[in-house]
Amino acid sequence: MTVDQKPLLAANWKMNPVDGGEALALVKGLLPVASTYVDRVEVALFPPFPWLLGVAEVLDQTGVKLGAQDCFWETSGAYTGEVSPAMLRGWCQWVIIGHSERRAYLGETDDMVARKVAAALGTELSVIMCVGELDDHYEAGKTDEVVAAQVKAGLALCSADDSARLVIAYEPVWAIGSGKSADPEHAYKTMRLIRRVVGEVIGAGAARKVRVLYGGSVTAANVESYVELPLCDGCLIGGASLRAAEFAQIVKVTAEVYGQR
Ligand code: PGA
């Protein structure tokens, strides 16, 4: 993260809420606090596709950003069910790519992730690329090997020129939605490795602009232990981002921690 960049808190709503009215109520609940701290913390919300337009209207002029949870690598054509980066450009600022749930349930490969990352960055979107080891990898001491390979493969097609719009979220798969958040020391070591690998792939200068987040069972009670890590540029939050008051508290704590740096 460079001095002109802010820490990022990304709210990944996943396939929630089912009701559009609830989606709007959630935004309205967290907005007063999130918009108060936009000078210190970048907040981006990632609702499911059907709620994006409605949420965009509520977020207009607030400084809080909007993103999609995925996009395809082509611009248009015969790709049933897909959404292209070009369709998001201009009104969505962000997209999440390669989330472990997409890798696990939809067979998304490193190669697909690389194509999506390059397409989205090439369309002026900011990208959060997710990486992280499975429980078996963690237990076998293979975290570094697995994460380094995911980072290298995912960035294979991207250009160093786009590094200011690139974020890597380190999300140990075993920590996602499990309540078993990673030990901050483990998160720190893996985020340090990610930085090193990003430097090897796109060059050390460009890598300085890449923000690295932690994700996996982040709550208002534990967020401080991650955002206070020297190499942590924010968090990707799932479950706790569906509770407006808790997410607002996460924004507040993050703003306070970075305000003291
Ligand atoms: P969680 O999800 O905060 O519910 O663990 C994080 C994520 O998958 O992005």
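## Lining of the largest cavity

The residues that line the largest cavity divide into three nonpolar, five polar and two charged, where Ala, Val, Leu, Ile, Met, Phe, Trp, Tyr, Cys and Pro count as nonpolar, Asp, Glu, Lys and Arg as charged, and the others, Gly among them, as polar. This is a predicted model, in which local features need pLDDT of at least 70 and side-chain atom pairs count only at pLDDT 80 or more, while totals for chains, interfaces and linings use all residues. Residues are numbered from 1 along each chain as its sequence is written, and side-chain values use heavy atoms, with hydrogens and water left out.

The lining consists of Gly98, His99, Ser100, Arg103, Cys130, Val131, Gly132, Gln150, Glu171 and Val173. A cavity is a set of points, on a 1 Å grid over the protein atoms alone, where a 1.4 Å probe fits but cannot get out, a pocket is an open set with protein on both sides within 12 Å along at least five of seven lines, and lining residues have an atom within 4 Å of a point. The volume of the largest cavity is about 40 Å³, taken as the space filled by probe spheres set on the points, which are joined across faces, edges and corners.

## The largest pocket

The largest pocket holds about 460 Å³ of space, and of the 19 residues lining this pocket, Lys14, Gln69, Asp70, Arg102 and Leu106 are the closest to its centre. By class, its lining has ten nonpolar, four polar and five charged residues.

## The second largest pocket and the ligand

The second largest pocket, with about 220 Å³ of space, is where the ligand sits, in the sense that more than half of the ligand's atoms lie within 2 Å of the pocket's grid points. Among the 20 residues that line this pocket, Gly177, Ser217, Val218, Gly238 and Gly239 lie nearest its centre, and the lining divides into five nonpolar, twelve polar and three charged residues.

## Contacts of the ligand

Around the ligand there are 13 residues, the closest being Lys14, His99, Glu171, Gly177 and Ser217; a residue counts here if one of its heavy atoms lies within 4 Å of the ligand. This shell comprises four nonpolar, seven polar and two charged residues.

A polar side-chain atom of His99 lies 2.7 Å from an oxygen atom of the ligand, and a backbone N or O atom of Ser217 also lies 2.7 Å from a ligand oxygen atom. Taken alone the ligand exposes 290 Å², of which the protein buries 95%, with accessible areas coming from the Shrake-Rupley method with a 1.4 Å probe.

Methods. Polar contact = N/O pair within 3.5 Å; in protein donor to acceptor, adjacent residues only side chain to side chain.
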